[in-house]
Amino acid sequence: MTPFPSLIDLPSQLRQPVVRDLAWTLLSPPLLAQSPWPQRHPLRASNWSRQPDALADWLLSLDADSQALQQWLSQHSVRRLGLYYERLWQFALHAAPGITVLAANLPIRQQGHTLGELDMLLRDDEGVHHLELAIKLYLGRAQCSGADLRHWLGPGSRDRLDIKLAHMGQHQLPMSAGEQAKHRLAELNICQPQAAMWLAGYLFHPWQQAYAPPQGGNPGNLRGRWLHRADWVYFVTQNPGHWQPLPRPAWLASAQVEQEHLWSGAQFSQWLAALPGDANAQLLVRLIEGPQHQWLEAERAFLVNDRWPTQPAD
């Protein structure tokens, strides 16, 4: 599902978190293998897709000196995970041999009203493309099969996989073919771009329940589990190990924690006791000791409040 199956282990070799996130962005699999709308990896027709070792060398060089990437990210606020993900893609696509970035986050307006933005417009050997990019983490609703796209909710329970796909397919992708976009695209010498999406992320299933992937799901997608706060004590007796929360900006690549940043058991207990009963979903990672005084992510799990989900079943 990606052009780079030979590089699957590369992110674990990278030391700088921001470069690991960049590698994760480029190499992670999509949530779905099939969807009603076209999916396209943004680097599919790049020279890197034909020479994966060149991409590996580029990432390794950034890991040695990430100043250019850090400077790129500092130009805009990237506090939201989705914006951070888009900025990582933009940085890579500007650098990718065989790809010309024509525009990013191009607003489409009608009579002064913004209808939306086109995430990415680029040209490669296969033509001109309009790409919509998204990173999502979804939790499968308990007591459901998981096969129905409606059963997959965002950590806040307001977002839903079927709604996100419908928005991408019925609103975002057709925008570049609409009348309102034609004049704006003509200014960039773009005519009839091919529209496609790329949706990456993680799927989390209820921890005590066998769960099917969503319809059209990618068998190789990235996964985790989720549990209610009331189940934590029993969960951790069944799943012992070194658990600690993962801050939202670190939700992309598999975690690597230096020894000095490792939480003690007492620190975790104090954090958990201070966590409000109605707190937002918290992403936890179980860490195992690795080489060179590092602790590596073995699995991840969402801890949600006992009233989750707050939205009624559809």
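Trainee: Which ring does the charged end of Arg-300 sit over?
Mentor: A charge sits over a ring if NZ of Lys or CZ of Arg is within 6 Å of the ring centre and within 35 degrees of the ring normal. For Arg-300, the distance to the centre is 4.2 Å, and the ring is that of Tyr-202.

Trainee: Before we go on, what kind of model is this?
Mentor: Residues are numbered from 1 along each chain as its sequence is written, and side-chain values use heavy atoms, with hydrogens and water left out. Local features need pLDDT of at least 70 and side-chain atom pairs count only at pLDDT 80 or more, while totals for chains, interfaces and linings use all residues, since this is a predicted model.

Trainee: How far is Arg-87 from the ring centre of Trp-72?
Mentor: Here's another Arg to look at. Arg-87 lies over the face of Trp-72, and its distance from the ring centre is 3.9 Å.

Trainee: How many aromatic pairs does the structure hold?
Mentor: Rings of Phe, Tyr and Trp (its six-membered ring) pair if their centres lie within 6.5 Å; planes under 30 degrees apart count as stacked, over 60 as edge-to-face and the rest as tilted. With that rule, the number of aromatic pairs is 18.

Trainee: What is the geometry of the pair Trp-207 and Phe-235?
Mentor: Look at the centres, then the planes. The ring centres are 5.1 Å apart and the planes stand at 80°, so this pair is edge-to-face.

Trainee: How many residues apart in sequence are the parts that Trp-207 and Phe-235 tie together?
Mentor: Helices (H or I, at least four residues) and strands (E, at least two) are DSSP runs, numbered from the N terminus. Trp-207 is in the loop between strand 5 (194–206) and strand 6 (222–228), while Phe-235 is in helix 8 (residues 232–238), so the parts they tie together are separated in sequence by 28 residues.

Trainee: Are Trp-207 and Phe-235 buried or exposed?
Mentor: Buried means under 20% relative accessible area, exposed over 50%, and partly exposed in between (1.4 Å probe, protein chains only). By that scale, both Trp-207 and Phe-235 are buried.

Trainee: What about Trp-263 and Trp-271, how are their rings arranged?
Mentor: Trp-263 is buried, and Trp-271 is too. Their ring centres are 6.1 Å apart with planes at 70°, so the arrangement is edge-to-face.

Trainee: Which element gives the most to the lining of the largest pocket?
Mentor: On a 1 Å grid over the protein atoms alone, a pocket is an open set of points where a 1.4 Å probe fits, with protein on both sides within 12 Å along at least five of seven lines, and lining residues have an atom within 4 Å of a point. There are 42 lining residues, and Arg-80, Ile-135, Lys-136, Asp-159 and Arg-248 lie nearest the centre of the pocket. With six residues, the top contributor is strand 3.

Trainee: And what is the volume of the largest pocket?
Mentor: Grid points are joined across faces, edges and corners, and a volume is the space filled by probe spheres set on the points. For the largest pocket, that comes to about 940 Å³.

Trainee: How many charged residues are in the lining of the largest pocket?
Mentor: Ala, Val, Leu, Ile, Met, Phe, Trp, Tyr, Cys and Pro count as nonpolar, Asp, Glu, Lys and Arg as charged, and the others, Gly among them, as polar. The lining has 19 nonpolar and 12 polar residues, and the charged ones number 11.

Trainee: Which element gives the most to the lining of the second largest pocket?
Mentor: This pocket holds about 800 Å³ of space and is lined by 34 residues. Helix 1 (17–27), strand 6 and strand 10 (294–304) give two or more residues each. The element that gives the most, with six residues, is strand 10.

Trainee: Which residue does Lys-136 meet in a salt bridge?
Mentor: A salt bridge is a side-chain nitrogen of Lys or Arg within 4 Å of a carboxyl oxygen of Asp or Glu. Lys-136 is partly exposed, at 22% relative accessible area. At 3.0 Å, N to O, its side chain meets that of Asp-159.

Trainee: Which residue is the salt-bridge partner of Arg-225?
Mentor: Arg-225 counts as buried at 17% relative accessibility. The N to O distance is 2.9 Å, and the partner is Glu-299.
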